[in-house]
Amino acid sequence: MGHTSLEKIIALQRNPANIRNLCILAHVDHGKTTLADCLVASNGIISNRLAGKLRYLDSREDEQIRGITMKSSAISLLYAIGEKEYLLNLIDSPGHVDFSSEVSTAVRLCDGAIVVIDAVEGVCPQTQVVLRQAWLENIRPVLVVNKMDRLITELKLTSQEAYIHLQKILEQVNAVTGTLFTSKVLEERAEKEKEEKEEKESEASGGDQVYDWSAGLEETDDSHLYFSPDQGNVVFASAIDGWDSGMAQFAHIYSQRMGIRAEVLLKTLWGDFYLNAKAKKIMKGAQAKGKKPLFVQLVLDNIWSLYDAVVTRRDKEKVEKMVTSLGVKLMARDSRHSDPKVLLSAICSQWLPVSQAVLSMVCEKLPSPLDMAAERVEKLMSVGARRFDSLPKETQELKQAFLQCSSEENAPVIVFVSKMFAVDTKALPQNKQRPLTQEEIAQRRELARQRHADRLAANQQAENQDALPVSCPALRQPKLEEDEGTKETFVAFARVYSGVVKRGQRMFVLGPKFDPTQALSMGCSASDALPAVPHLSCCSMESLYLLMGRELEGLEEVPSGNILGIGGLEECVLKSATLSTSPACPPFTPLNFEAAAIVRVAIEPKHPSEMPKLVHGMRLLNQADPCAEVLIQETGEHVLVTAGEVHLQRCLDDLRDRFAKIEISASKPIIPFRETVVRPPKVDMVNEEVGKQQKVAIIHQVKEVSQGRLSDTLHVDSSGLVTLTTPNRLATVAVRAIPLPQDVTRLLEDSSELIRTLEQLNMSLREGRRIDVSPRTLEAITELKSQLESLLQGRKWRNTVERIWAFGPRRYGPNILLNSVEGYHRPSVWQCLVKGERSGEAPVVRDFDNSIVSGFQLATLSGPMCEEPLMGVCFSVEQWDIQSSSEPQHQDSVEEDSASHEASGDGTSTAEGTSETSAQAEGITAGPSQAKRRTEAGSVDCYGPVSGQLIAAMKDACRHAFQAQPQRLMAAMYTCEIMATAEVLGRVYGVLGKREGRVLHEEMKEGTDMFIIKAILPVAESFGFADEIRKRTSGLASPQLVFSHWEVISSDPYWVPTTEEEYLHFGEKADSANQALKYMNAVRRRKGLYVEEKIVEHAEKQRTLSKNK
Amino acid sequence: MSIFTPTNQIRLTNVAVVRMKKGGKRFEIACYKNKVMSWRSGAEKDLDEVLQTNSVFVNVSKGQVAKKDDLSKAFGTDDLTEICKQILAKGELQVSDKERQSQLETMFRDIATIVAEKCVNPETKRPYTVSLIERAMKDIHYSVKANKSTKQQALEVIRQLKESMQIQRAHMRLRLVLPAKEGKRLKEKLKPLLKVVESEEFDEELEMVCLVDPGCFREIDELIRCETKGRGSLEVLSLKDVEEGDEKLE
C-alpha cells in the first residue's frame, strides 16, 4: 500500500460503518508506541525498516529522549480486507501514571481499545488502571500480548512453557476484568436495593417481603467480556521484530494444509486440545495425555524454530530452507547483515506482518461508531447524579442521533472536545511550505531578476542622491515573520458524535454546568446572538484538521464518527467541552481522571521583571494540559499542581520552551503555620506528674527571659497575667492569654465571612449610620452567637460571649479579644442585634478603645514564635487604666518627646509605622467622644503618640501573655486518601509513618482487592510524598491530598529537659528530633529572624588557620 | 621563667581576642573563633566552649598574663571566671568570618521579608514572594550594611527595585471625611498626595475613599488635623490594599 491519499481518507470518513476509533492502552514500556509504529508503517507513512525504532507518534523531543510517551496523539490509517476498506483513527496514549489524564482524554473519544501487555511482565499496575478506564467509559478492549520474542531470547522458555506462561497472563487479565464486572454488578445491586428500600419505606406496606439473597452475579452473563484467543480478541505479537500471530491466520493456513475446517481449528487452536497425527483428528485433553497442545504444535513451535535458526544458532542453510518454505523473498543485504535481528525482522515482517492480525482483529472485533451502546450514550449524557430519564424530552431524542451517527445535513451536530493541545503555528497546514511547482519556481526567478534589476537601477540613482528608505521595508519584513513564528496555536482534540461539522459553522459551547432545560425554555439557535443562558457560549469552527501524528491536514468538513482537530477554539474552550448546534444537548459527563493533581511547586521567573510572561505562559499551560492546575496564592506564589514528578518536569519544560519562553525556577511552596497556646500540661515528657513547684519554675524562667528587656514596665504574675505600662507611664494594661476550645476555633474559622460582615455593620453603627441588613444575615449572626454560647460553657467562660470585644487578625480571624475590665461597659460586637433598646444603660466607648483593638490585631497577625498568625487564642483584658492625659499637659509632652525619640531611633520607617497604626486607631474611633477630646486637646497632637504607645503596649502585652502560656505550633494538615492493593499495604504504612502521617482508618473496597486508607499528613511533609509512595509501591498505591484542617503539634518547641527522669531519657541537650522546633526554626530562618543556634558547634573542631605550627 | 623552649610553651590556635579597658589598663582574654557572638546571644551556654583558657592576659599574642593586683583593682574581684564573663559581655572584639557571614545573611533575609511584606505587584495587586525579592536584590547587587537597621535598608531597597521591576508599596485605603467648608480647599491640597480616589461624595460633608502611599500618611494626617481643626476625620480602611484569597488561573 502506498502513501495514503487525503482524498481517500475523506471519502472513507463518510462511511461510519467502516470507521474504527481506537486507542492503544498499556502499562509504561509495554510497547504501545512501537506497536503503533508498526501499524503506521503498514500504511507506508514510515518505512517498515524503521518501524519500532522511530516511534513516529512521539513527536516531542523529550518523549524521544526519555523514551516514554507523554501525550496522546492521533493518526488516521487505512486498512483493507478483501473488498472492504476501513478507516482507523488510532490514538496512541502514554502509559506512565503521571499522564493517565491523557489516557482519559483518549479513551473518551474511542469506541474500542487495544490493550497491550508485556509477555514477560504480565499484568502491571497501569494495565489494571487502563482496563478500569476502558471499562468505565464502556469501550470494548482487545488484547495484544507483546514482546513474545523476550520469552524466547531472554527467558529461554520452551514453547510448552511459553504456552503455560501465556495462559497464566490471560488468566490474570481476565481476573481483573472479572473484578471490574463483579464490582459493577454489586454496585448496581446495592443501588437497586437502596431504591427498593426507599420505595418500601414510602409505601410502608407490610406483607411478607421475600429478600433476594443471590448476589445477582448469576443472572448477568459476562462471558463476552473475557479475553480468549478462540474468541479472536487476543493476538500474540512482537512489535519490535515485526510479527504477530492471530488465531484466524493460522487457522486459515493449517486448514488448507491439514484439511481440517477452519472454524473447527479456530475453536480448538487455543485450549487443551491436541492433534492426533495418525487419525488426523483433533482430540481433547492434551495435558492429561502429556501431548503438546495444538497451539504449541502449530503456532509456537514454528516461531521457536525460526528464532532458533536465525538468532540462536545462526544456521544459514536452515534459514534459507525455511525462507523458501515460507515463500518469503529475502533481500541480499538483509541476509548478509551481521545483526541477526535484522534478518529476523525481515523474514517475520513478510511472513507474519504485525499489522495484519492486529488490524483485522480490530476491524472485526471492535465496534464501529454505528454500534455505540445505548448504555454508553446515556452515561455520556447524564451529568452527575442526574438520571437519563430525568432529562428533557428533546434531549432524550438526541440519543437517537447518537445511535444513528448519521451524517445527514439536518442531523444535529454534536462534538466533544477532550483536550486542547498546543501546536506551533508554523506546523499548521495553511502556514506550511509546500514544495514549489515548476511554474512557481519560474515566477520567483522572474521576480528575483526584476528585483536585481531594480536594485541596480536604485544603486545608480543612489550615486546621485541618497536613497536610504529603499532598504527599510526589507528590514521590517523578517521581523514580522519572527513574531508569528513564535506563537502557539491551540487545536482541540475532538470527535464528531453526530452530524457534519463544516468549516466556519457556528456552534454552542456547553460548559460543564450547562443545563439544557434552561436553554430550551428560552428557545434559541446557534445563529442568534448569544442568549443569556449560564454556561453557554458561541463559537465558530475556524479550521478543521485531520490528525496525522505530527502533521495536520486541513479539511473542509468532517462527517460524524470521526476524530478531528479544531482550530480557533482557544478563546471559548478551556480544557474540554461539548459543542453542539442544538441547545438541547447536555454537556457530556466530565472525564474521569485516575490520578488527581497532587504535586505542588511554586514557580518563579529567574528575572523578576518577567512576571507577566510567566503568568501568560501558565495560563497557556493550563489550557494545554488536561491535568495540570495553576493558581496564584494569597502569598503571591504562583503554584503549579501536577500529577507527578515526570508530569511536572514536562510542564516545566513546556513553560520554559513553548509557553512562557523564559528562565524559571521551581521550588518547594511556602508552608503556612499557626501559633497557639494550650492548657498547661499535667504530665511531663516522661509521663510523671508535674509538681506544683516545677510549674512555677517554668514560668519563672519565662519571666526572666522577658524581663531582660523591659524589666521596669512589665510584670508577669504566676497565673500568666501580664501587666504592662506604656513608656510614658500613663496607661496600664493587664492581659491574659487563654486557649480557646477546639470547637470554638473551628466555628470561628468557618464563619469568618459572617464575622467580616458583622464587623462592617458595627463600624457603620459606631458612626451613627444605619445600614439596612437583610434579616437573613441577622439570623445567621444570632445563630453564630448562640452556637458560641453553647460551646463556651463552664465557670471560666461565664458571660464571655457578651463580652467579646473583637476578633482578629484582620478583624475576622479565629482569635478573640475579651473585655474583662471591671466597670467598663463597651458595646459588644453583637450590638447590631439589639437595635431598639439603646435607652437603658448607655454604653460608653472609652478613648483609645481602638488602640487596644489595633494592638490586638497586630499581635494576632504575627505571633512571637515565628511571626505566623495566631489561632485559637483568647486574650482577656483584665485591667486597663489610663490617667487622664489632658490635665498634666506638661508631663505629657515630655513623655511624648521620649516616645518619639525612641521611635526615631529606629529610623524613619518605624516612626512611620507607629504613626500609621496610631492614626488608624484614631480614625476608626471617629465617635463623638473623640471629636470632643480633639477640641479639648486643641492643636496639640500629643495624644497621637499616646495612642500609638498604647497600641505598642497592647501588642507587647499580648505577646508576653502568649509567651507566659505553654506555646504550640499548629501545622496545616492534608487528609490523604490512598487506594492500594493488599500486597503493598505495608509499604504504604511505612511511607506514612516516616512522614509523620497518621492513619485514621482503612477499609476494603467491596468487590475488589483494593484497600482504601484514610490518613492525615502534615503539609510540611507532603513535598515529594506522592512520588515516594508511588516509587515504593511500584505504582500500586495512588494518594490524593486535600487540605483539611489545622492541628496542634503536640511537642513544645521550647521544651528542654528539667527533671532527673527527663535528663535520663533525652540527655542534656534534648536534641532528639523536636518536630515543632524543627518547623519553627525553618520558618524563622526563611524569614531572617534570629534562630537560637550556634554558628559553630564544637569550638575545637574548627579548621586551624594559623600558619606557624 | 621566660625561657622559650618548645616544651614549656602553650601555643594557641584559632584565637579570637576580646579586649576591654578598665581602670586604665587593657585586659584581654583568648577565645575560640566564631563563638563569642553565640555566647552573647545566649545560644552557647558552655563557657569552656568559648574560652581557650580562663586566664586573663594583658597581651594574648605575647602571652603576658595580667597581674592579680591589677585585676582585683579593676574588677573588684580575683575570680578569673567572673572576670572573663565580664570581659566577654562588654569587651570589644573582631567579628570572625562566619559570624559576619551569618549576620549579613540573616539581615539580607530580613530585608527581603520586610520588602515582600510591604510591597505588591501593581498589576495584580498581589505580593511578591520573599525568594523572588531576594533574587531581585541579588540582581541589583544590593549589599547589606551591618550598621543600618533592616527597615531603613528595606525602604532603600524598594526604591532601587522600582527601577528594575514592577513593584510598589502596597497602598493604604483611607476614608476622609471633611467638613463642607474646607472641603474644596483641602481637596486641592491633598490631591498630590492621593494616588487613586475610589469614590467621592459631596453633600453635607465631603467623603472620599482613596488609596495613598503609606509614606505620605503622616502628611495627610497632619494636613487634615491642622486645616480642619479636628472636625475632619480620617479612617484607615485597610493597611494594605492586596488581593485576598487564592486565584485559579484560567
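This briefing describes selected features of chains A and B in a predicted model. In this model, local features need pLDDT of at least 70 and side-chain atom pairs count only at pLDDT 80 or more, while totals for chains, interfaces and linings use all residues. Residues are numbered from 1 along each chain as its sequence is written, chains are lettered from A in the order in which they are written, and side-chain values use heavy atoms, with hydrogens and water left out.

**Chain A overall**
- Chain A has 35 helices and 34 strands; helices (H or I, at least four residues) and strands (E, at least two) are DSSP runs, numbered from the N terminus.
- Of the 1109 residues in chain A, 51% are buried, where buried means under 20% relative accessible area, exposed over 50% and partly exposed in between (1.4 Å probe, protein chains only).
- Contact means heavy atoms within 4.5 Å; among contacts in chain A between residues at least 6 apart in sequence, 75% join residues at least 24 apart.

**Helices H11 and H12 of chain A**
- Two packed helices are described by the angle between their axes and the distance between the axes.
- Helix H11 (residues 294–313) of chain A packs against helix H12 (residues 316–326) of chain A at an angle of about 140°, and their axes are 8 Å apart.
- Axes are lines fitted to C-alpha atoms, for helices over the stretch in contact, and angles run from 0 to 180 degrees between N-to-C directions.
- H11(A) and H12(A) are therefore oblique to each other; angles under 35 degrees count as roughly parallel, over 145 as roughly antiparallel, 65 to 115 as roughly perpendicular and the rest as oblique.
- On the H11(A) side, Asn302(A), Ser305(A), Leu306(A), Ala309(A) and Val310(A) meet Lys318(A), Val319(A) and Met322(A) in H12(A).

**Helix H4 of chain A**
- In helix H4 (residues 100–109) of chain A, ten of its ten residues are buried.
- Among them are Glu102(A), Val103(A) and Arg108(A).

**Val678 of chain A**
- Val678(A) sits in the loop between strand S24 (673–677) and helix H23 (692–707) of chain A.
- Leaving aside neighbours within four places in sequence, Val678(A) is in contact with Pro739(A), Gln965(A), Pro966(A), Arg968(A) and Val1048(A).
- Val678(A) and His960(A) are 282 residues apart along the chain, and their C-alpha atoms are separated by 15 Å.

**Chain B**
- Arg169(B) lies in strand S7 (residues 168–169) of chain B and is buried, with a relative accessible area of 8%.
- The C-alpha atoms of Arg169(B) and Gly23(B) are separated by 52 Å.
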